[in-house]
Amino acid sequence: MKYSFSLGTTGCESYLALWYWNEMAEMIGVCGYEGLEIPFQAWSFNGARGGAPVCAAAIRAKYGSAANYQKFLQDCGIAEGLSGLHISGQNILLSMLEGNVPREQFFDSMTALAEETIGVLSEAGSRNLIISPSPMFGMTMGVFHGSEILDSFEDRTAETIAKIAEKAAESGITVSVRNEFYGLFRGEQVDSLMDKLPETVLYSPDLAQLHIAGVDPVSMIRKYSGRLACVKMDDTEFVDRTGCFATPLPEAPQEEGAPQRVYCTFGNGDVDKDGAYQALKDAGYDGWMVMETKEAFRIEKAMMKMQAYIRKHFA
Amino acid sequence: MENIKYSFQMNMWGIPKFKQINNLAEWYDKDFTADGYFMDWDNILKYLSTAGYKGIELVWYQIDFIKMVFGSLKAFAEFVKPRGIEKVTGGFSINFGSENADNLPGILGYQKKIIDDLAELGAETLIVMPAGQYYGTGPLSDEQLQNVATACNEVGKLCAEKGLDLSIHNEFWCAVNLSNHEKLLELTDPKYVKYCLDTAQVSIMGVDIVDFYDRWHDRVKYMHLKDTNKPALPDEERFKDGAEYDDEGKRWFYELGAGIVNMTGLYEKMKEHNFRGWATVEADGAPDNLAAMLLSKWYIDNILSPIYR
């Protein structure tokens, strides 16, 4: 297995300078990660102008091309550079809301961002596009309320991803689906979507997201054995006792007196990481393990702590 | 009775996430950091009011999240009061693409939603960057500048319908820049379009703020206060792609008193012209929001207020 660092461990703040992000890449390389996965975004006024490599425009503006960026990452010691780019329905919906784009264009917007991202991956010689197709449940219900889109959301998602996968395949890129505890395809509800997709579209389990959704990540790894890619290794102590997943801001529970911290520093939580590793080994999985402590308080510490965990538990 | 009341721009605190933190231990245990103190607006507003700020200012992308976190804008307006903050004083937004007349309907639709929200919050002004960044847009032709002015006038009318002012706000990296920012003021209708003087942005652009305020004080109804040590930045620095975010991380903005802006001279003029209204302190680019808001307030209380308060 190969270990990648998820840039989601940072807040991906665009206002931080290119210098900061270049140093970050050097630290990722020094820490021994062989790849970098980036939560990739649609164009935005701030994202496109800033130093964080979080959208196509920013990478091309700051590095000239995705190929140059890939070389830069490899020169930093990240042996394989970009392990994958991860796009999400949540980012797509937020971009649409900010730009006053009609809700009917959601799937077109997903296709557009996917094609732009495929272009970046292709230019970089990288092979993995990860898609989290559903925006947050509460936001989806609010935005698409009364629209026929809601009734056909799963079918249209499957149709859109299948087309994206075809396009990606032309560039030798594999598409995988990731599901969050707050989306329409939370937990095992992703199964029905996966059934509608061609076998060439893989599943990218996110351990913490499955755990919060009340599903054993190990069982999901076993279920999708032979169809896995870009496994997200992260951690949580959170238990969604109040149906937080359906609120407008599921990652920031507001209820008085209730636990509020959804993600924790890798290694401090209850996710069965060792069991997941063993299940992956049993399945003969030799792809990417994407290590993340989502929006860590101390990024460098989290970066090293995750490596320490790998050495101690996964060696 | 004070003539100047101080507000704080909330942009550097990010998108509101938590209303209140229930249990600090949840954020401290096993990580040993202070982050838990800075994640909720309950604490942040208390820090602000303790420092003597009476208002807060928002940026457009925070407003929808405020609705989600607090349930409604009305609930948010009520939430701030017992924490010592009188009101939301204003909101910042951008007239993207205003140099092109075809974009006007879209701009009006976009800004109307923000204006309605600000009115519901009880704000007094919409602060508007009049066009996009210089790179890719400037230099503006006379016709394009007129289009920018028309957009300001029309958005200003929407503001007036809701009892708000529109205040033009110059950025050193905006398509409206040193050569035409005063021309834009001339082209806009004083009845609907006021001006928010940003002491650092305008200094970086190459303007003497004391002289500018002296000449335009009738239009200056609002202030953005911050300092800089990089006045009169050359064109090539201001006009490059992504100029606001320097690749090497150079800080453009500093706390009041930490740069070279003639703040005391400005306050002398504000006294002379009897400025009355809100002034927003900003912490753009500061690595520590709490330190920045306290240091700027110290400078106000000890250096500027003795001149004019």
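Mentor: Let's take helix α2 of chain B, starting with its cover: β1, β2, α4 (73–80) and α12 (289–304) of chain B are among the elements that cover the buried residues of α2(B). Keep in mind that this is a predicted model.

So which residues are being covered? Helix α2(B) runs over residues 41–50, and its buried residues are W41(B), I44(B), L45(B) and L48(B). Around the helix axis they take up an arc of only 95 degrees, so they sit on the same side of α2(B). The general rule behind that is simple: an α-helix has 3.6 residues a turn, so residues three or four places apart point the same way. Just past the end of α2(B) comes G52(B), with a positive phi of about 100 degrees.

Strand β1(B) covers residues 4–9 and strand β2(B) residues 55–59; the two run parallel and are joined by three bridges. If you want one pair to click on, take S7(B), whose bridge partner in β2(B) is G55(B). Helix α3 (residues 60–70) of chain B packs on the sheet too, where it touches β2 and β3 (87–94) of chain B. The direction of α3(B) makes about 105 degrees with that of β2(B).

In chain B, eight strands close up in the order β1-β2-β3-β4-β5-β6-β7-β8, with parallel pairing. From one strand to the next the twist averages 30 degrees.

How does the chain look overall? The C-alpha trace of chain B spans about 60 × 45 × 40 Å along its principal axes. Its radius of gyration is 19 Å, and because a compact globule of 309 residues would have one near 19 Å, the two agree. Of those 309 residues, 48% are buried. Take the contacts in chain B between residues at least 6 apart in sequence: 85% of them join residues at least 24 apart.

The peptide bond from G138(B) to P139(B) is cis, with omega near -5 degrees, and P139(B) lies in the loop between β4 (125–129) and α6 (142–161) of chain B. Then there's A232(B), a residue other than glycine with a positive phi, near 50 degrees. You'll find A232(B) in the loop between β7 (220–225) and α10 (235–238) of chain B. It counts as partly exposed because 13 other C-beta atoms lie within 10 Å.

Chain A has a positive phi in a residue other than glycine as well: C230(A), near 40 degrees. C230(A) sits in the loop between α12 (217–223) and β7 (231–233) of chain A. This residue counts as buried because it has 27 C-beta neighbours inside 10 Å.

Last, the place where the chains meet. There, 25 residues of chain A are in contact with 25 residues of chain B. On the chain A side, helix α1 (residues 18–30) gives the largest share, three residues. By class, that side of chain A has 12 nonpolar, eight polar and five charged residues.

Terms used: Residues are numbered from 1 along each chain as its sequence is written. Chains are lettered from A and ligands numbered from 1 in the order in which they are written. This is a predicted model: local features need pLDDT of at least 70, side-chain atom pairs count only at pLDDT 80 or more; totals for chains, interfaces and linings use all residues. Two residues are in contact if their C-beta atoms, placed from the backbone, lie within 7 Å. Helices (H or I, at least four residues) and strands (E, at least two) are DSSP runs, numbered from the N terminus. Ala, Val, Leu, Ile, Met, Phe, Trp, Tyr, Cys and Pro count as nonpolar, Asp, Glu, Lys and Arg as charged, and the others, Gly among them, as polar. The radius of gyration is taken over C-alpha atoms; the globule rule is 2.2 Å times the number of residues to the power 0.38. A residue is buried if 20 or more other C-beta atoms lie within 10 Å of its own, exposed if 12 or fewer, and partly exposed in between; C-beta atoms are placed from the backbone. Two strands pair if DSSP finds at least two bridges between them. Axes are lines fitted to C-alpha atoms, for helices over the stretch in contact, and angles run from 0 to 180 degrees between N-to-C directions. The arc is that of the directions from the helix axis to the C-beta atoms.
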